[in-house]
Every structure is written in structure tokens, then in C-alpha cells.
Amino acid sequence: MSSPVNYEGCPPGVPIRNNAEELWGYDMKMGGPATALSLFFLIGTIILAQLVHARNRNTYYMITLVIAAWAEGGGYAAAVHTVRKDCEADLFDSFLAAQVLILLIPNFVEATMYTTAAKISAFGQVPRKHFWLRPAFVSWFYIVSDIVTIIVQAIGIGIWGSARTDDDDGEDTKQQADVGAWIVVAGLILQIISQSIFFLEALYIQYRMDKGYQRLPETRALFFANYWTWGFLQIRNIYRLVAFIQRSVADNTDTGGAGAAEIQPVFFIFEALMIVMSILMFAIYPPGYLLPRASARKAEQMEQVVDQSKDVEKSTFDEDLHAPAEIPDSVRRWVLTPFERIPWLGRVF
């Protein structure tokens, strides 16, 4: 580890251990984590208010996103705590809490994305000739895969953090830190692969679903939100992958080298901002207002009853599956107007 730093005002010979510069690799300023903390708390509160107001039984899963937003804010609250320069202050616990929350919580944002796609698939009556097109599979397969990546990354960050707290600067400690970083890398690679497969499946779902439901402005808005959320999360995951590879390959885990995670603007653009934007998409395009209010479980159990290539009486189909979403006028005016005016917006196929 880098040598302890003496600051003006400390007694002679009393250093500051684990200050923000030593922990993060740069002299972190209070403004960055404080702004992120405020944004995550605010967005989480907005989504909770929308969820309560909408009272759509199909979107109770969104409470997970609210908790995730607040927990991510908690990670930045811990980061704020590390921006202290007290004599003999041991801030590593706060640093590790920040790392764990900021690294792992975005997996719950991904779970929200998967579940939203599964709900759309159920109401869109995608033909279920293959098990991997069933709405339950769309959500739970990817959620379980995320749980696996969370466990892998948690193990890696634990090993890496344990090495960082070791006072021994020997080769064994550095190797332990590198092992932890590589385990995190493995978890991130699995996460990127899983998300990439999900993206391809989401494209296929949109292509195969009932065309009438597909063309609705609210349906296209939900796909639009999901695709952008996916993009923001992938950018963040690739950034994290590069950062942890640098910690191992460049051997800068304990040296404070200027890797991707040690440059403050880079960290807040590719980590904090990407997660803020991914969660914000569900506040701008709230599923509680945009998803139908009929039973998604009933829709999932129904077989495809409309031959999309023929004119078929769809009144019963619409009544059972497309009980319309209750969209407030403000949402329709400010959110859905672009989708009503631009038929291809939110449509890939």
C-alpha cells in the first residue's frame, strides 16, 4: 500500500491511514458522491410515488428497483464518508461498503429490465413453441444468472478487500488482491454475456408478439426504455470489466496507479451516470402506467388465440389480454406523444 500521509494539524508522527486518496486512487471530492447520493434517493422516491399512484398489480416488482436505487445511494453515502481527513481515521470499512453496493446493486436494475420484458411478452402473446420464450423463463432465467454473477463478484470483492486491509505489502498479498480482481472480472464477463443473450431474446420477442399490441405507443415506450436501460448497463459493465482487469494486469491494485477506476470523472461518467440513467428510464417510462392492468399471469397461461396473418375477431382477445393501461394525461402528453407521432419509434422490427 502507499505510505501513510501526514496532514497539517495531526500530531507529529500520526498519519492518516486509508484516506480518500489512498482508497480510491485519487483525491475524491465531496461533490461527486454527494450528487450521486441525492440523485439515486430522488429517483427511487419518484418511482415509489408512481408505483403507489398507479396501483397496477403487474408492477409490484418495481419495489425492487426502488430499494436498489436507495441502496445504490447508500453506496455513495459510504463514499461520502471516505472523504475525510481525520488523524488516524480508518475508513476502509466505508470504502468496502461503497465498493460492494456500487458494484452489486446494478444487478437488481437488470432484474427489473428482465421482468418488464417478461410482462410485455405475456401480454403480447408471443408464441411459446420454445421454453425459452415463456415469460416465466424470460424473467427467472436471467434473474438466476444475475444471482450467480452477484455471488461470484461478491466473493471476488471480498478477497480483494481482504488483501487491501492486509498490512503486509508482500508478493502473496498482491497475488491475493489480483485473484480477487480476476474473480470479479469472471463475474462481470458472465454478466455481460447474460445481458447480451437477453437483448437478442428481447428483439425476438418484439418481432414475434401480437402486432396490435406491439404497435401501441405504450408498448413501444416500454421497449424503448428497456433497450436504453440495457445499453447504459452494458456500458457500465464494460467499464467495470476494464477497471478490474487493469487492477490485475497492470498490477496497480495497491499502487494507486491511474487506472479506469482511479480517474474521478471517468468513474462518475461510466459508473454513476450510467446507473442513474438506467434507473431514470423507468421513472420517465413508468411500467405502472404503461402496462395493461389485466392479469399478466392469466395472459401468460393463455395460448396464442389470434392468427396474425388473418382477420380474426379479436374482441374477446382484447378484453382478456388488453385491458388498457390507465395512463394519466400528463404521461400521455409528455411521454407518449413522440411515440404517437413517430410510428417507428421504439420499434426494431
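UniProt, in an unreviewed entry, lists "transmembrane region" for residues 34–52, 59–79, 91–109, 137–160, 180–200, 221–245 and 265–285. Those positions follow the numbering used here, the feature names are shortened, and the annotations may be inferred rather than shown by experiment. The model is predicted: local features need pLDDT of at least 70, side-chain atom pairs count only at pLDDT 80 or more, and totals for chains, interfaces and linings use all residues. Residues are numbered from 1 along each chain as its sequence is written, and side-chain values use heavy atoms, with hydrogens and water left out.

Two of the listed segments can be checked against the model. Residues 180–200 are 100% helix and 0% strand, with end C-alpha atoms 31 Å apart. Residues 221–245 are also 100% helix and 0% strand. Their end C-alpha atoms are 36 Å apart.

Now take the whole chain. It holds 14 helices and 0 strands. Helices (H or I, at least four residues) and strands (E, at least two) are DSSP runs, numbered from the N terminus. Of the 349 residues, 52% count as buried. Buried means under 20% relative accessible area, exposed means over 50%, and partly exposed lies in between (1.4 Å probe, protein chains only). Among contacts with a separation of 6 or more, 81% join residues 24 or more positions apart. Contact here means heavy atoms within 4.5 Å.

M30 sits in the loop between α1 (20–24) and α2 (31–54). M30 is partly exposed, at 39% relative accessible area. It touches V80 and V83, leaving aside residues up to four places away in sequence. M30 and V80 are 50 residues apart along the chain, yet their C-alpha atoms are separated by 6.2 Å. R55 lies in the loop between α2 and α3 (63–82). This residue is exposed, with a relative accessible area of 63%. Its phi is near 50°, a positive value in a residue other than glycine.

Next comes a helix pair. Two packed helices are described by the angle between their axes and the distance between the axes. The axes of α4 (residues 92–104) and α5 (residues 106–123) come within 5 Å and cross at roughly 20°. Axes are lines fitted to C-alpha atoms, for helices over the stretch in contact, and angles run from 0 to 180 degrees between N-to-C directions. The crossing makes α4 roughly parallel to α5. Angles under 35 degrees count as roughly parallel, over 145 as roughly antiparallel, 65 to 115 as roughly perpendicular and the rest as oblique.

Which residues of α4 and α5 make the contact? On α4 they are L101, I102, L103 and L104; on α5 they are P106, N107 and F108. By class, that is 6 nonpolar, 1 polar and no charged residues. Ala, Val, Leu, Ile, Met, Phe, Trp, Tyr, Cys and Pro count as nonpolar, Asp, Glu, Lys and Arg as charged, and the others, Gly among them, as polar.

Stay with α5. Its 18 residues should span 26 Å at 1.5 Å a residue, and the end C-alpha atoms are 27 Å apart, which agrees. The expected span is 1.5 Å times one less than the number of residues. Helix α5 is mostly covered, with 17 of its 18 residues buried. A111 lies in this helix and counts as buried at 14% relative accessibility. A111 touches I143 and D146, not counting residues up to four places away in sequence. A111 and S139 are 28 residues apart in sequence and 7.4 Å apart in space, C-alpha to C-alpha. Just after α5, Q125 takes a positive phi of about 50°.
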